[in-house]
Amino acid sequence: MFSKSRINEPGPKADDKSKAPETQASKPNMDFTPSAPKGKVNASVLSSDLTIVGNLRTTGDIQVEGTVEGDIRAHLLTVGESATIRGEIVADDIVVNGRVIGRVRGLKVRLTATARVEGDIIHKTIAIESGAHFEGSVQRQEDPLAQGRISAPIAQPQLAPPNAATAVPAPKPADGV
């Protein structure tokens, strides 16, 4: 059989010639490496014929080409030219090429010439290209992502009004009385 010293020796031996092509042919299959590095995950792409009703949340990247009716939270969000988003978008980096109806919160926000945004933008840095359509207010904050985490419980009223316990309707009389 083979020993470790024989494997490390350069060049095939005379008795190993018949086995060398077999080893070389199988080696590329075993050494297959994906084209993308293991640490970097590709962006999730929502195609132009896709409509999503609901919220999206990821720590990765999203590229939206279709329609989303709900809030989106991501690391990098790219809104394609054919995309429409109705809801709040929150991301570290946001590039808007399409339409957003709702609040935009990001560390870096970029509106390209084809962007159409109807809503407020809260950002750390912003770039608006000539030709972009924007209706709303722009506010710079040092940490625009922290705003939603702090105010989220306050923005969802679930408590009954203070006088709700005293405003109980009277029971209805029985039929025929």
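## Basis for the exposure classes

A residue is called buried when its relative accessible area is under 20% and exposed when that area is over 50%, with partly exposed in between. Arg110, with a relative accessible area of 37%, is therefore partly exposed. The model discussed here is a predicted one.

## Salt bridges between strands and loop

The count of salt bridges in the model comes to six. One of them pairs Arg99 with Glu118, whose closest N and O atoms are 2.9 Å apart. Because Arg99 belongs to strand β9 (residues 99-101) and Glu118 to strand β11 (residues 116-118), this pair ties together parts that are 19 residues apart in sequence. Both ends fall in the intermediate class, Arg99 being partly exposed at 27% relative accessibility and Glu118 partly exposed at 30%.

Arg110 forms a salt bridge with Glu129, and here the closest N and O atoms are 2.8 Å apart. Arg110 lies in strand β10 (residues 104-111), whereas Glu129 is found in the loop between β12 (121-128) and β13 (133-135), so that this pair, too, ties together parts that are 19 residues apart in sequence. Glu129 is partly exposed, with a relative accessible area of 31%.

Glu142 is exposed, its relative accessible area being 53%.

Methods
Residues numbered from 1 in each chain as written. Predicted model: local features only at pLDDT ≥ 70, side-chain atom pairs only at ≥ 80, totals over all residues. Heavy atoms only, no water. Salt bridge = Lys/Arg side-chain N within 4 Å of Asp/Glu carboxyl O. Helix = DSSP H or I, 4+ residues; strand = E, 2+ residues; numbered from the N terminus. Buried < 20%, exposed > 50% of the residue type's maximum accessible area, 1.4 Å probe, protein only.
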